[in-house]
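Work through the exercises below with the sequence and the model side by side. Try each task before reading its solution.

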2 protein chains.
Amino acid sequence: MPTYAADLDAVREAADRIVGFVHRTPVMTCETLDRLAGRHIYFKCENLQKTGAFKYRGATNAVQKLTDEAAARGVVTHSSGNHAQALALAARVRGIPAYVVMPNTAPRVKTAAVEGYGGIITLCEPTLDARERTAAEVVARTGGTLIPPFDHPDVIAGQGTAALELLQDVPDLDAVVSPVGGGGLLSGFCVAARGVNPGIRVFGAEPLGADDASRSKASGVWVPQTAPNTIADGLLTSLGTLTWPIIRDQVERILTVTEDQIRAAMRLVWERMKLVIEPSAAVGVAVVLSDEFRGLSGVRKVGVVLCGGNVNLDKLYW
Amino acid sequence: MPTYAADLDAVREAADRIVGFVHRTPVMTCETLDRLAGRHIYFKCENLQKTGAFKYRGATNAVQKLTDEAAARGVVTHSSGNHAQALALAARVRGIPAYVVMPNTAPRVKTAAVEGYGGIITLCEPTLDARERTAAEVVARTGGTLIPPFDHPDVIAGQGTAALELLQDVPDLDAVVSPVGGGGLLSGFCVAARGVNPGIRVFGAEPLGADDASRSKASGVWVPQTAPNTIADGLLTSLGTLTWPIIRDQVERILTVTEDQIRAAMRLVWERMKLVIEPSAAVGVAVVLSDEFRGLSGVRKVGVVLCGGNVNLDKLYW
């Protein structure tokens, strides 16, 4: 049996480590969405997590696990999304510097958010190569620890804590659905949920415009994401070397949805649940409302993680 | 000592009557808003109430209190706002008809919402006179009971149940702030909160563009609202004959805010709390963030009711 990057014990240790630092987010329900889905849905509201996304769990676990000596030199990442904000705040809470490499094309609202949490930004050219090279330079200069956004055991274990809480609140779930980008949330959710309840069914939710995980899963071979095209801007990346084996072996299936389905689901949650969620979070909701998922038998109660709520309120999404 | 339309006993009876029919809404907090307000704020989330607004409490109390004989003839109201939807659903839950008189200028989204809850709509000319006359005709024809949106003892008592819950969750509040339009929520909140804790300070929150309550309170004499001009479309009406005496005698003060303050507060709650609130709800938040309120001494913990979350998502508010 292969060993995976994280297991239930690692998630439980992460939960003990981050308690008090992260919000225990509520689980919400909605009669209208239940009716549309044809079953009971339990929404784990990580949009209400600190920094507005589940990313704060993994970042906090990774930062809090550092030795004092390593921590003093700070943490480093390259990200323009929710992980950058999460790592910046997790570092500030521990009183250490967070160095964030961001592309010089990043919108001002994103750099401002990272700076608002005390992150120290280094701008670079907007290519993956430039980002990785710049991050390596920052690591060499500061001696800081690189904390990547998803492909890291402590990050995966930290994200899994959301599943532990969900199953404590609703122990008899038949299935859980998580959006998948790099796979940190889905893989963490998977090992935690199946660790607690080996019979639970775990599904990934992905935009058709960025369906590398779906194609990887269907073929059994890792497929990279190239030229993604979706409003779900948290789900643009390829699976990682640590997240892919877990998803390959333990997730039942990845279901995909169109941009129209994502928009409609997002609007439904804003309108009926009065919750601001980001497009990436709407992907999981859209999957549960899809004909394909509605057709699954044996799923009476399903958990869906609303992974984040960071949107640009200057624009309309529908 | 004058007798008011509702008191703590009436609110407690209402709470017993509506339990199980209404959501016990959560009380939320937000570090960012606490920092901006300079004190701890406890948000009573009536935007998460059924039909998206506190109105469902008062409507349910009034409908459930009817005798079987009266109930069978149905209920009647004239409203184009949250009360119409609330009464329609409250009636459907009891299995009786709700007749709703709406102006023929009401947007389709509002008539659709009432019909969605099973309400039977009669359209009329868009004048107060036509609405009242048409409602009287419907009452005469059906024998139904008129349940007005705020100026009714059972409605006031029902709205007060939100304050009971808030004070159960946070017993040591120093003050509460409620938006005020017709005054049903503010007066119900007031008698409930001061009934439980006579020392608690109760403030009303009003748009500068519809400041009849503020002017009434300042002069001690009821002043009607004429030509209101505000995005807070739930707060356009004058105070009622039952709500005014409570507000006159038991509310400490009504504070007003500008449209810019309302918009900014609304955006803050969407952005930082990830909660969809309507402009009327933002009025209470804006008051708590105002220099005037910040300058009050002796208020360490303040409760604010987020009265509703029904917005038109097709438009931007900022």
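**Exercise 1.** Which residue of E10(A) is the bridge partner of Lys44(A)?

Solution. The partner is Val305(A). Now widen the view: strand E2 (residues 40-45) and strand E10 (residues 301-306) of chain A run parallel and are joined by 6 bridges. Strands here are DSSP runs of E, at least two residues long; helices are runs of H or I, at least four long; both are numbered from the N terminus.

The model is predicted: local features need pLDDT of at least 70, side-chain atom pairs count only at pLDDT 80 or more, and totals for chains, interfaces and linings use all residues. Residues are numbered from 1 along each chain as its sequence is written, and chains are lettered from A and ligands numbered from 1 in the order in which they are written.

**Exercise 2.** Describe where chain A meets chain B.

Solution. Count contacts (C-beta atoms, placed from the backbone, within 7 Å). 14 residues of chain A are in contact with 13 residues of chain B. Then sort the chain A side: 8 nonpolar, 3 polar and 3 charged. Ala, Val, Leu, Ile, Met, Phe, Trp, Tyr, Cys and Pro count as nonpolar; Asp, Glu, Lys and Arg as charged; the others, Gly among them, as polar.

How values were computed
Pairing = 2+ DSSP bridges. Contact = placed C-beta atoms within 7 Å.
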